[in-house]
Amino acid sequence: MQCVRFSPARVAAPGGLRKPALVARTTVQRRTVAAAANGNGLPIDLRGKKAFIAGVADDQGFGWAIAKALAEAGAEISLGVWVPALNIFETSFRRGKFDDSRKLASGGLMDFAHIYPMDAVFDTPDDVPEEVKANKRYAGADGFTISECAAKVARDSGKIDILVHSLANGPEVTKPLLETSRKGYLAAMSASSYSYVSMLQRFGPLMNPGGASVSLTYIASEKVIPGYGGGMSSAKAALESDTRVLAYEAGRKHQIRVNTISAGPLGSRAAKAIGFIDDMIRYSYANAPVQKELAAQEVGNVAAFLCSPLASAVTGVTMYVDNGLNTMGLAGDSKTLLERDS
Ligand SMILES: NC(=O)c1ccc[n+]([C@@H]2O[C@H](COP(=O)([O-])OP(=O)(O)OC[C@H]3O[C@@H](n4cnc5c(N)ncnc54)[C@H](O)[C@@H]3O)[C@@H](O)[C@H]2O)c1
């Protein structure tokens with residue numbers, strides 16, 4: 001079921017002409033991949049496939065939406081949850097806080113085969129500093145480095161077919177690059193780009209030939225988005241470049257595909273921490289070719305496609321799922337254009 005709300009909005013047409021318009025706003029994108037799997041048209045059928053998704057800590061972000069799409073298509077899902085967020089995620093899950101968003105088209109609830117603690121800035125136990133081990137947010141958690149997490153997945157699931165990296169972190173994201181410290185810059189790269197290299201190193205050998213991996217990137221990698229600082233733009237540029245190199249290397253070594261989705265703005269928890277996400281959503285709404293708010297599920301559905309046999313010849317690609325905003329060279333709602341009108 002698709003819920004579409006129409007709201008009158010004043011939008012600026014190219015050239016600065018202002019006119020009222022009726023705008024379709026997709027609030028809930030429930031046109032799921034399962035609808036296709038049930039018989040009409042091209043199916044995305046991931047039954048019997050196992051997926052590991054790193055970067056889910058609530059039901060608001062892209063990681064959850066990808067889990068949902070993969071579950072609709074029949075895949076078994078396991079999660080890697082950032083250690084400081086794990087407790088609250090599991091408690092909320094147990095208490096039914098996510099039950100509405102867990103509902104599948106079949107009537108059942110999305111479930112997870114395994115939930116593992118994970119911190120993607122550490123590769124092996126030797127990398128974990130004493131102060132992290134002593135930190136109360138890490139109390140009781142063990143085996144959360146990427147290599148240990150991969151070992152647990154191998155133990156519990158054997159081989160997997162789908163690997164998703166939906167995480168990023170930049171402690172100085174609110175600082176302009178010109179004011180970013182070396183430490184902050186390297187931390188952004190470590191959490192947001194190298195973590196993916198490390199995941200493919202460790203999870204690649206667990207993946208069945210024909211498997212696929214996907215990560216999430218952002219247009220700030222290639223165009224200047226003031227406010228997306230702290231080295232996060234650099235980290236996304238690295239992630240996109242690495243996607244191509246890893247597609248080649250992991251393609252040859254493991255016969256798997258590696259792609260990244262350049263997503264439009266979404267008011268996730270991580271994005272809210274940056275502080276300007278509402279402006280970005282409004283900007284996209286006013287200026288993108290397709291005038292609607294991006295639903296996380298639209299990204300989830302494309303991820304399911306990229307991880308399915310339907311995309312068996314697609315690898316090394318940065319795929320835009322942003323209502324087409326990346327194609328625009330002119331902001332139709334620019335004040336400069338509007339002034340010409342008055
Ligand atoms: N929200 C947007 O507007 C937007 C746009 C384009 C791309 N993206 C990308 O989408 C991906 C998912 O982000 P989101 O916006 O859905 O937010 P989100 O908050 O749902 O996801 C980010 C996740 O990263 C996890 N994380 C942070 N540091 C970690 C670490 N060291 N180890 C393991 N996990 C860690 C967090 O716990 C969280 O679950 C990110 O790569 C982000 O850059 C987001």
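Me: What share of the 342 residues of the protein chain counts as buried?
Reply: Of the 342 residues, 45% count as buried, a residue being buried if 20 or more other C-beta atoms, placed from the backbone, lie within 10 Å of its own, exposed if 12 or fewer do, and partly exposed in between. The model is predicted, so that local features need pLDDT of at least 70 and side-chain atom pairs count only at pLDDT 80 or more, while totals for chains, interfaces and linings use all residues. Residues are numbered from 1 along each chain as its sequence is written.

Me: Why are α2 and α11 called oblique to each other?
Reply: The axes of α2 (residues 62-72) and α11 (residues 296-306) cross at roughly 55° and come within 7 Å. Angles under 35 degrees count as roughly parallel, over 145 as roughly antiparallel, 65 to 115 as roughly perpendicular and the rest as oblique; the α2 and α11 pair is therefore oblique.

Me: What makes up the contact of α2 with α11, in nonpolar, polar and charged residues?
Reply: Among the residues that meet are Phe62, Ile66 and Leu70 in α2 and Val299, Ala303 and Ala304 in α11. The residues of this contact divide into nine nonpolar, three polar and one charged, where Ala, Val, Leu, Ile, Met, Phe, Trp, Tyr, Cys and Pro count as nonpolar, Asp, Glu, Lys and Arg as charged, and the others, Gly among them, as polar.

Me: Which residues touch the most other members of the largest nonpolar core?
Reply: Ile53, Leu70 and Ala303 do, in a core of 82 residues. Such a core is a set of buried Ala, Val, Leu, Ile, Met, Phe, Trp, Tyr and Cys residues joined through C-beta atoms within 7 Å. Beyond its neighbours within four places in sequence, Leu70 is in contact with residues including Leu46, Ile162, Ala304 and Cys307.

How values were computed. Axes fitted to C-alpha atoms, helices over the stretch in contact; angles between N-to-C directions. Helix = DSSP H or I, 4+ residues; strand = E, 2+ residues; numbered from the N terminus. Contact = placed C-beta atoms within 7 Å.
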